[in-house]
Amino acid sequence: MKTRLTILLAGLAPLAFIAQAADITNAMLENASKDTKNVLSFGMGSQGQRYSTLTQINTKTVGQLVPAWSFSFGGEKQRGQESQPIIANGKMFVTASYSRIFAIDLKTGNKLWKYEHRLPEAIMPCCDVVNRGAAVYGNLVIFGTLDAQLVALDQDTGKIAWKEKVDDYAAGYSITAAPLIAKGVLITGVSGGEFGIVGRVEGRDPLTGDLLWTRPTVEGHMGYRYDKDGKATEAGITGTVNKSWPGELWKTGGASTWMGGTYDPTTGLAYFGTGNPAPWNSHLRPGDNLYSSSTIALDPQTGQIKWAYQNTPNDSWDFDGANEFVTFDMNGKRYGGKADRNGFFYVIDAKTGQLQNAFPFVRKITWASGIDLKTGRPNFIAANRPSDPTKGDGKKGSTVFAAPAFLGAKNQMPMAYSPQTGLFYVPANEWGMEIWNEPISYKKGGAYLGAGFTIKPLNEDYIGALRAIDPKTGKIVWEDKNTAPLWGGVMTTAGGLVFYGTPEGYLKAVDAKSGKELWKFQTGSGVVAPPVTWEDGGVQYVAVVSGWGGAVPLWGGEVAKKVNFLEQGGSVWVFKLASKI
Ligand code: CA
């Protein structure tokens with residue numbers, strides 16, 4: 001590894017003379033959470049806290065926040081814009097629907113270049129044609145595409161430096177997450193759990209795209225390591241064949257790693273969440289179905305799994321455990337917080353994977369009465385699991401009402417953690433679903449569910465709720481309800497603020513201590529993306545992408561009907577204080 005990096009760096013040396021801007025280094029990425037001049041990674045630092053130490057925009061001044069510029073993604077097709085911008089070297093790199101990426105001049109808002117990935121007709125994204133963001137390394141900006149490729153572009157010119165096919169889009173593979181870079185390794189996952197793909201995490205050389213290792217997330221599959229000539233050696237099987245999966249089902253077992261991962265330099269571990277086991281009908285796969293609906297901690301340089309914690313064993317509700325594992329300090333120790341799709345918030349020792357606490361962050365959970373802190377396992381409520389269709393008429397099992405709905409107590413929208421308040425800010429949704437099981441068999445490229453469903457609101461007046469959650473006590477300190485389901489991410493700052501967007505089109509700033517609304521701005525379309533902030537020339541800026549879409553309009557059942565008046569869009573907005581104009 002060391003030799004390889006030395007060779008690569010030596011090979012790069014001549015480029016330094018023509019480079020327009022400082023190359024992004026490992027040291028810069030490891031310190032990204034403290035870098036106020038740039039936003040170098042998804043999560044505003046690879047730990048994913050989405051916390052900024054900037055204070056110019058604060059509880060007293062935020063009322064004067066006005067637009068600095070806005071940029072349209074254009075194109076005939078808009079759809080969901082779930083992207084977090086990257087800020088580096090005076091440029092914004094922002095991805096958009098249909099696997100597009102733009103480079104924008106930070107000061108003027110002028111377009112520097114764009115790259116539109118040529119997508120085949122037959123791509124199969126489950127949940128809209130979204131992209132959540134890019135990674136930067138060296139002089140490259142790297143992102144994943146809906147046809148399961150990784151593309152690295154020159155930051156200055158937008159020219160392709162390398163392009164790698166990760167897997168077969170015709171089998172249901174795609175990429176929507178922002179790549180993670182940890183210890184000089186580009187680490188990515190795959191989407192496609194609804195098509196019976198096999199989830200995995202991969203490590204690559206970010207400068208060349210060369211594969212370094214693969215680690216499948218379904219028990220029974222072999223992981224590999226690759227030498228500098230691309231020759232593969234077996235790195236060991238994930239788990240033990242058939243230990244938690246029956247028969248052949250592990251071969252199409254899902255557990256997609258579609259949200260990407262976080263990395264904590266203090267533990268040296270990368271954390272990836274895994275999606276539902278496939279198919280949804282749990283009676284076809286008795287057992288825990290490792291490592292679906294779990295958090296796994298990996299060594300970034302080898303892909304070795306250091307620990308795993310399964311949130312929903314033998315999942316029957318599409319409770320993907322893909323959500324971000326956000327590390328933080330509590331009582332002198334390093335923990336990770338995870339607001340799971342299944343309705344429970346987990347606090348886990350970031351080094352060992354030991355469960356410290358688990359508590360609900362939504363009001364209605366029907367599938368389990370709680371999490372046993374000794375065993376780490378949920379206390380299932382057996383009657384609330386949809387039944388085995390082969391035990392009835394053979395066509396359809398009993399319909400049960402389940403909460404949360406499969407779109408989750410929380411979905412792709414990332415939460416934030418403030419070391420200043422010690423609180424997590426979680427974009428939660430309160431909804432339920434009618435769900436039943438049906439027979440299903442695997443067919444390449446076909447939906448592999450074996451279940452039917454209809455999502456329903458639980459309350460007349462709201463679905464979304466931004467909740468401030470104390471990880472020490474498990475208490476909800478405050479909440480701000482929202483009519484539509486929340487689908488954008490959250491950011492918090494040392495200015496005592498929490499920023500988040502709503503499908504109704506607003507970017508809002510609220511008081512981090514009380515949740516009191518202090519500012520809002522109508523962006524012209526729904527916000528389903530996380531905001532960022534940075535400082536340039538003594539001025540603090542805030543940016544957010546606007547463009548309604550994502551999974552809710554496609555899969556939201558009765559909820560989708562409630563929000564079908566919302567208009568699509570595609571733009572990024574940048575704000576600063578009026579006094580700084
Ligand atoms: Ca899923």
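A residue is called buried when its relative accessible area is under 20%, exposed when that area is over 50%, and partly exposed in between, as found with a 1.4 Å probe and protein chains only. The model is predicted, so local features need pLDDT of at least 70 and side-chain atom pairs count only at pLDDT 80 or more, whereas totals for chains, interfaces and linings use all residues. Residues are numbered from 1 along each chain as its sequence is written, and side-chain values use heavy atoms, with hydrogens and water left out.

**View 1. Val 572 in strand 40.** Val 572 belongs to strand 40, which covers residues 571-577; strands (E, at least two residues) and helices (H or I, at least four residues) are DSSP runs, numbered from the N terminus. With a relative accessibility of 0%, Val 572 counts as buried. Leaving aside neighbours within four places in sequence, Val 572 is in contact with Trp 69, Ser 70, Phe 71, Phe 73, Pro 85, Met 92, Ile 104, Val 544 and Val 545, where contact means heavy atoms within 4.5 Å. Gln 84 lies 488 residues from Val 572 in sequence, yet their C-alpha atoms are 9.7 Å apart in space.

**View 2. The largest nonpolar core.** A nonpolar core is a set of buried Ala, Val, Leu, Ile, Met, Phe, Trp, Tyr and Cys residues joined through side-chain atoms within 4.5 Å. The largest one holds 59 residues, of which Phe 345, Phe 361 and Trp 431 touch the most other members. Strand 23, residues 344-349, gives the most to this core, with 5 residues. A second, separate core has 41 residues, including Phe 93, Tyr 137, Leu 140 and Ala 152. In soluble globular proteins, nonpolar side chains tend to be buried together.

**View 3. Two cis peptide bonds.** Ala 278 and Pro 279 are joined by a cis peptide bond with omega of about -10 degrees, and Pro 279 sits in the loop between strand 18 (269-273) and strand 19 (294-298). Another cis peptide bond, with omega of about 0 degrees, joins Ala 403 and Pro 404; Pro 404 is placed in the loop between strand 27 (400-402) and strand 28 (416-418).

View 4. Arg 79, a residue other than glycine, has a positive phi near 65 degrees and lies in the loop between strand 2 (65-72) and strand 3 (86-88). Its relative accessible area is 25%, which means that Arg 79 is partly exposed. Ser 293, also not a glycine, has a positive phi of about 45 degrees and is found in the loop between strand 18 and strand 19. Ser 293 is buried because its relative accessible area is 0%.
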